[in-house]
Amino acid sequence: MRKAIKKTLGFITVMVMVLSLGVGSAAPMEAYAGTTTNTEESTKTKKDKAKIKYTYTVKKVTKKTTKTKEAKKKASSSYEKSSTKTKTTNQSYYSSSGYKHVEKEVKTVEKWKYTKGKKKYKYTKTVTTTTRTTKYSALQKEITVDEFAPKADSKLKAKFKAVGAKASIDTTISYDGLGGGLRVTLVNGNLVDTRTAYHEMGHFLGSTTNSDATTEWKNIFNSEKGKFRNATDSDYNAKYAKSNCYEYFACAYASYVLNNSKLKSNCPKTYNYIKAQLNKL
Ligand SMILES: [Zn+2]
């Protein structure tokens, strides 16, 4: 038994020596080879416009790989070249535990360094992944019309209060809407998106004055919906406005508040109709 153990130990010792020799002789050739990873993370608790607390986490992971590569020919001069690419993706998640928004940015920087008269060149690739996460815990909170739609027409805001309409922030749902009679629900993340707030106030104006489905309005919708593109600040809003006469009314009111002169010059009939409904209040 003892003899057998000794023999095995001897074999292992030899193997270790061979392996370390192999690493030792390869090292000078791969002088620059290697990958390093660095991770930084910070979390801050902030408050948004409606004084709702949320956490904002930034995680930055940098992975740097350096290699010595060999070209087919010797370099005729010493020079460096580089390339930078950035890709950003955004995702929103809604669940019973709250609202989460994740923005991921991947930045790839590649560098090549050539030395005159040498075949070997240095290649460096740095990939920086920055993940910005905003997290609101589950919350349902009432907010006043002055908080979520401060620029709305004063008579419209007064009407909103007079009929007992309520606005709330709900971080567990992914839509905004006018439901349950006169209840306006705004999603926390969209509270910063003022256009959504004024869009919902537009639905309130349309339903309160019973003016978003009249024959006159339908005619205006058909004649000016094509020109509405220039009266808003995004193609998405212009596209959504074409859905039907109700959405056109809500989108038109948002533009009346946020892009007033553009709406007046591009869609004059729409502008005058919205103005007339506000005067009726
Ligand atoms: Zn709508």
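Analyst: To begin with a term, helices (H or I, at least four residues) and strands (E, at least two) are DSSP runs, numbered from the N terminus. The model is predicted, so to speak of local features requires pLDDT of at least 70 and side-chain atom pairs count only at pLDDT 80 or more, while totals for chains, interfaces and linings use all residues. Residues are numbered from 1 along each chain as its sequence is written.

User: How many helices and strands are in the protein chain?

Analyst: The protein chain has 9 helices and 9 strands.

User: And what share of the residues is buried?

Analyst: Of the 281 residues in the protein chain, 21% are buried. A residue is buried if 20 or more other C-beta atoms lie within 10 Å of its own, exposed if 12 or fewer, and partly exposed in between, with C-beta atoms placed from the backbone.

User: Let us turn to the strands. In what order do the 5 strands of the open sheet come?

Analyst: The order is S1-S2-S5-S4-S3, with antiparallel pairing. Two strands pair if DSSP finds at least two bridges between them. Strands of a sheet pair through backbone hydrogen bonds, either parallel or antiparallel.

User: Which are the edge strands?

Analyst: They are strand S1 (34–47) and S3, each of which pairs on one side only. On average, neighbouring strands of this sheet are turned by 10° against each other, direction ignored. That angle is taken between axes, which are lines fitted to C-alpha atoms, for helices over the stretch in contact; angles run from 0 to 180 degrees between N-to-C directions.

User: How many bridges join S2 to S5?

Analyst: Strand S2 (residues 53–70) and strand S5 (residues 120–137) run antiparallel and are joined by 16 bridges. Thr 68 stands opposite Lys 122 in S5, and Lys 64 stands opposite Thr 126 in S5. S1 and S2 also pair in the antiparallel sense, over 14 bridges; there, Lys 44 has Tyr 56 in S2 as its bridge partner.

User: What about Thr 84: is it buried or exposed?

Analyst: Thr 84 is exposed, because 10 other C-beta atoms lie within 10 Å. This residue belongs to strand S3 (residues 79–95). Not counting residues up to four places away in sequence, Thr 84 touches Lys 107 and Val 109. Contact here means that the C-beta atoms of two residues, placed from the backbone, lie within 7 Å. Thr 84 and Val 127 are 9.8 Å apart in space, C-alpha to C-alpha, and 43 residues apart in sequence.

User: Changing topic, which residues touch the most other members of the largest nonpolar core?

Analyst: In this core of 35 residues, they are Ala 149, Ala 152, Tyr 198, Met 201, Ala 252, Tyr 253 and Tyr 256. Helix H7 gives the most to this core, with 9 residues. A nonpolar core is a set of buried Ala, Val, Leu, Ile, Met, Phe, Trp, Tyr and Cys residues joined through C-beta atoms within 7 Å. Met 201 is in contact with Ala 149, Ala 152, Leu 156 and Tyr 253, leaving aside its neighbours within four places in sequence.

User: How do H7 and H9 cross?

Analyst: Their axes come within 10 Å and cross at roughly 90°. H7 and H9 are therefore roughly perpendicular to each other. Angles under 35 degrees count as roughly parallel, over 145 as roughly antiparallel, 65 to 115 as roughly perpendicular and the rest as oblique. Ala 252, Tyr 253 and Tyr 256 in H7 meet Thr 270, Tyr 271 and Ile 274 in H9. The residues of this contact are 5 nonpolar, 1 polar and no charged. Here Ala, Val, Leu, Ile, Met, Phe, Trp, Tyr, Cys and Pro count as nonpolar, Asp, Glu, Lys and Arg as charged, and the others, Gly among them, as polar.

User: And at what angle do H5 and H7 pack?

Analyst: H5 and H7 pack at about 75°, with axes 10 Å apart. Trp 217, Lys 218 and Phe 221 in H5 meet Cys 245, Tyr 248 and Phe 249 in H7.

User: Finally, where does Asn 210 lie?

Analyst: Asn 210 lies in the loop between H4 and H5. Although not a glycine, Asn 210 has a positive phi of about 55°. Most residues other than glycine have a negative phi. Asn 210 counts as exposed because there are 10 C-beta neighbours inside 10 Å.
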